[in-house]
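Trainee: I would like to go through this model by asking about it piece by piece.
Mentor: Go ahead, and I will answer from the structure.

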Amino acid sequence: SSGINAEYGYFVKRKRDFANTLYVIICVVDIFTSVSHLPIAVSLFIGRRPGLFSSLTVCAGWTLLFRFLQKVSIFLVMLMSVYRTSLIVYPFRKVHEKSILVSLGVFIAVLIGVDATMASPSHFKYLSVGPFCVDSPLAN
């Protein structure tokens, strides 16, 4: 996590171009992903008992948040790759950064919409093997 914080500090201090802005967004998502591992660490320290995951609300919220952060992180890296590749392949063509941000917004809206409609509180279950919560229709 300290490496991510150092990376974040590096990109924040650099000049503000679109690539650096994307890097900062990626670093912020990575920081939230690192912090989201704390409930797992608590469960491991107390002998794989549910701990914070004993609440169905926390279990469901953590599962949805963690899955959301993973997908957004992957999408952001893909956006960065497409952006950089387009700059290399077409060096004299202007890349429309606004369209990249709109695609990110649409992706996030679709993720939230799908998770909100597909998630059912009865599908969440704590697995001590992990130890984490899962979203599975077979959890009960």
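Predicted model: local features only at pLDDT ≥ 70, side-chain atom pairs only at ≥ 80, totals over all residues.

Trainee: Which residues of α3 are buried?
Mentor: Buried means under 20% relative accessible area. In α3, that description applies to P39, I40 and S43.

Trainee: Within what arc do the buried residues of α3 fall, seen down its axis?
Mentor: The buried residues of α3 are P39, I40 and S43. They line one face of the helix, because seen down the axis of α3 they fall within an arc of 100°.

Trainee: Which exposed residues does the face of α3 turned away from its buried side carry?
Mentor: Exposed means over 50% relative accessible area. On the face of α3 turned away from the buried side, the exposed residues are L38 and F45.

Trainee: What is the phi of R48?
Mentor: R48 sits in the loop between α3 (38-45) and α4. Most residues other than glycine have a negative phi. R48 is a residue other than glycine with a positive value, near 65°.

Trainee: Is G47 buried or exposed?
Mentor: G47 is in the loop between α3 and α4, and just after α3 it takes a positive phi of about 75°. The cut-off for exposed is over 50%. With a relative accessible area of 53%, G47 is therefore exposed.

Trainee: How far apart in space are G47 and P131, C-alpha to C-alpha?
Mentor: In sequence, G47 and P131 are 84 residues apart. In space, C-alpha to C-alpha, their separation is 9.7 Å.

Trainee: What is the relative accessible area of V114?
Mentor: V114 is found in α5. Together with V102, V106, V110 and M118, V114 forms a nonpolar surface patch with about 450 Å² of accessible area. V114 is partly exposed because its relative accessible area is 41%.

Technical notes. Residues numbered from 1 in each chain as written. Heavy atoms only, no water. Patch = residues over 30% accessible without salt bridge, like charges linked within 9 Å, V, L, I, M, F, W, Y side chains within 5 Å. Areas by Shrake-Rupley, 256 points an atom, 1.4 Å probe, with all protein chains shown as cover. Salt bridge = Lys/Arg side-chain N within 4 Å of Asp/Glu carboxyl O. Helix = DSSP H or I, 4+ residues; strand = E, 2+ residues; numbered from the N terminus. Buried < 20%, exposed > 50% of the residue type's maximum accessible area, 1.4 Å probe, protein only. Arc of directions from axis to C-beta.
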